[in-house]
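Dear colleague,

I am passing on the structure below, and after it you will find my notes on what was found. Please read them alongside the coordinates.

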Amino acid sequence: MAEIKIENLKYRYPDTKELALDGITCDIKPGEFIGVIGRNGSGKSTFCQSLIGLVPNFYRGAYGGKVFIDDIEVRNVEVDELCQKVGMVFQNPFNQVTGSKLTVYEEIAFGLENFGIPRNEMKKRIDDALELLDIAKYRDRAPFDLSGGQMQRMAIASIIAMNPEIIVLDEPTSQLDPQGSEEVFKAVAKLSEKGITVIMVEHKIEKIAAYSDRIMLLDGGKLVAFDTPQEIFAREDLAEHGVVAPVYTRICKDLGLRVPGTDYYPVTLDEAHKLLACK
Amino acid sequence: MNTIEIKNLHFSYNAGEEILKGLNLTIDERSTAIIGQNGAGKTTFVKLLKGLLRPTEGQILFNGQDISKQTVATLAKDIGLIFQNPNDQIFKNTVLDEVMFGPMQIGMSKDKAKEVALKALDMVGLKGTEKINPYDLGLSERKMVSIAAIVAMDTKVVIFDEPTIAQDYMGKKRIQAIMKELQRQHKIVISILHDMDFVAETFDRAIVFAKGDALLDGDVKSVFKEKDILEKAYLEQPYTMQLCYELGYKEAFLNPEDFVAYKKANQ
Amino acid sequence: MKSLSLYEDKQSFLNGLTPGCKAFYIIAALVIPAMLGNKLISIGFIVLSILLLTQSKVIRRTLPILAVSGFVLITVIIIQGLFRAGNETVVLDLGPVAFYKEGLIFAADIAINVLNIIFAFCVLVLTTKPSDIIESMVSRGFSPRIGYVFVSLFQLIPQMTERMSTITDAQRSRGMETEGSLLIRMKAFIPLISPVIMSSFIDTKERAIALEVRGFNSKEKKSFLNVFHANAASRPIYWILLIATVASVVWKLVMMFA
């Protein structure tokens, strides 16, 4: 399984003055579920794109430091050499549909065809991906006829079929209705259970707090903090960095209720429920 | 007081496939959130309010006048609609020109348009960006430009279509402040939303759409109390309410502040 | 949102022909009449295309395409019929204006050529699965990119139309009049065009990145999900078309030098 190692990563988009990423150093272990939070413009998307080499190889611009996926240094390889190891899902489901395929089944095949995966292997992988994302019943539907949530799960299936060890999701639920976004969260949780490393940018703070092993807080391209949700949301300076703790954390903090035996406040509904119920 | 009366409103794009099935509502100066799954008819409904679509049956009366008697362009003086994606509307080279476009279209003089545009930009927190090209701003600021562009038209009704999409915490706070200010000016504020906590913290009234009809309608608290009905419409309660429900409280709170205040008072 | 998939598998004779064979049909339908310089052959090809499309049960799908091009053709016929330089022989006198034979013949020539092209392309596009077109192009040494652009165009047009109507709505909402005189419509055009270009630009960039991370630029040899079962008639038809086309070119050359 793939390990991610980032050393003093700095990056500036072409024709801009400010650094989009400013000295990020961190390690991500195989199988971790990492939430990425921060205000708009804090560098979350840029960070995601640096993990698959879109930054700097697609956008160009000034780049410093190193990103390693195992022993591969990302900037030295093309995106297509990396994308069977690192998959990436974007915000807008419509713009991830190729537009050249007639059915969901064929759409998922797109990436596999590009890598010359033999037909039988391809079919097996597509069936597994359909199953995992719970969209097997739409396999013969036209890609554009799906709802947003279904389309986003198809996008994830298309990536998962390529067997990546790491999947990076950049605000995959922000354009979906509550049902669609719940479907995507459940699907991502399943990927994590399978041992795939998940890195997910998300504004829905209560959700990301519940799913993440660790949370990365970015501001102005800098890594402000990288720690467990409990540590992150116990911080006093969240508002300065344009984020807010989950509702449950705020309630317990105001009531002075810490998780017994720790310095932390609850971050999930369950934790808060337990704590408040015994009061 | 401004009102919109909706009487037996039906709409379908294709015969036999009704998107709205006979809505009856009166919308007044209480701020109103429209929630529900995609495909429930929310966007169709606001397009009808805005006159972009015509009812197949029934009527929409704004302050007693049937809006179907007016063209979309003339209706623009009374009813403003902020589209989901700011890129669908922005076309001028500077922020100021973009915000002045609407006011000038509805007949304001250039000086007057500039005055209202500057006021609107101030309100959305974009003071000082007047000369910038909107496409040099980030998406969330561009959204604010598109809001200012409608606010500047000083319409009696302001409708938002999923304004919180891609907004961070600060952006949501700002949109909340804008909505409250519009309401203070006695405008009718209507918004389609997917963020239940935002609805709970910002709105007076919530209408749950499901399959082309209003499944629930009432003040926000009473609507969000109906956990089972919400589930049928694939909606969740706001987080604070979920906690109240888990704890088996009879009393339900819409936001963390009310919850904390109650606990502190009862300790 | 419905995708405008032009293709539908009807298990017809044309469905079973290889894309290459149908592509050659287009070439033959255009080259042979041009070489022989005979409009009757063009008409012959139009009739043949219509028969083939009817047999494949897809003739109705040509209607929207004909509607668009029909509008243009009627304009051409009217303008040429009324005003073409060299118009001498009146065919139809309508009082203030008259249609002339020379202009009408010229316009008819254009119409025949356009219809021939449209129907010949329909034979390929309406009866061939998009991925088969790509596969066939790739196997002939074309870059998959060209095939992709060709195929995705048909699927993305409905998305763009939808976008266009949202943008129109957004500007109407700000008081812009889009209905009425030509002048009003012309003025309404500018606020529409820039958002259309900007948003297609943004969409295209996002889609390009999304394709990139799915190995669109991979240097591996592509494989294909579907196996295409070609009709046995494909090969002989291909050869007949090829020979007929080459023969027509040879004939033209002989005539030029003879």
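**Charges, fold and aromatic pairs**

In chain A, the mean positions of the 33 positive and 43 negative charges are 1 Å apart, where Lys and Arg count as positive, Asp and Glu as negative, and His and the chain ends are not counted, each charge being placed at NZ of Lys, CZ of Arg, CG of Asp or CD of Glu. For chain B, with 34 positive and 37 negative side chains, the centres of the two sets lie 3 Å apart.

Please bear in mind that this is a predicted model, in which local features need pLDDT of at least 70 and side-chain atom pairs count only at pLDDT 80 or more, while totals for chains, interfaces and linings use all residues. Residues are numbered from 1 along each chain as its sequence is written, chains are lettered from A and ligands numbered from 1 in the order in which they are written, and side-chain values use heavy atoms, with hydrogens and water left out.

Chain A has 11 helices and 10 strands, these being DSSP runs (H or I, at least four residues, for helices; E, at least two, for strands) numbered from the N terminus. The radius of gyration of chain A, taken over C-alpha atoms, is 19 Å, close to the 19 Å that the globule rule gives for 279 residues, so chain A is as compact as a globular protein of that length; the rule is 2.2 Å times the number of residues to the power 0.38. Of those 279 residues, 63% are buried, meaning under 20% relative accessible area with a 1.4 Å probe and protein chains only (exposed is over 50%, partly exposed in between).

Chain B likewise comes to 11 helices and 10 strands, and 59% of its 267 residues count as buried. Its C-alpha trace spans about 60 × 50 × 30 Å along the principal axes.

Over all chains there are 20 aromatic pairs, that is, rings of Phe, Tyr and Trp (its six-membered ring) with centres within 6.5 Å, called stacked with planes under 30 degrees apart, edge-to-face over 60 and tilted for the rest. The rings of Phe45(B) and Phe209(B) have centres 5.2 Å apart and planes at 50°, so this pair is tilted. Because Phe45(B) lies in helix H1 (residues 42–49) of chain B and Phe209(B) in strand S9 (residues 205–210) of chain B, the pair ties together parts that are 164 residues apart in sequence; both Phe45(B) and Phe209(B) are buried.

With kind regards
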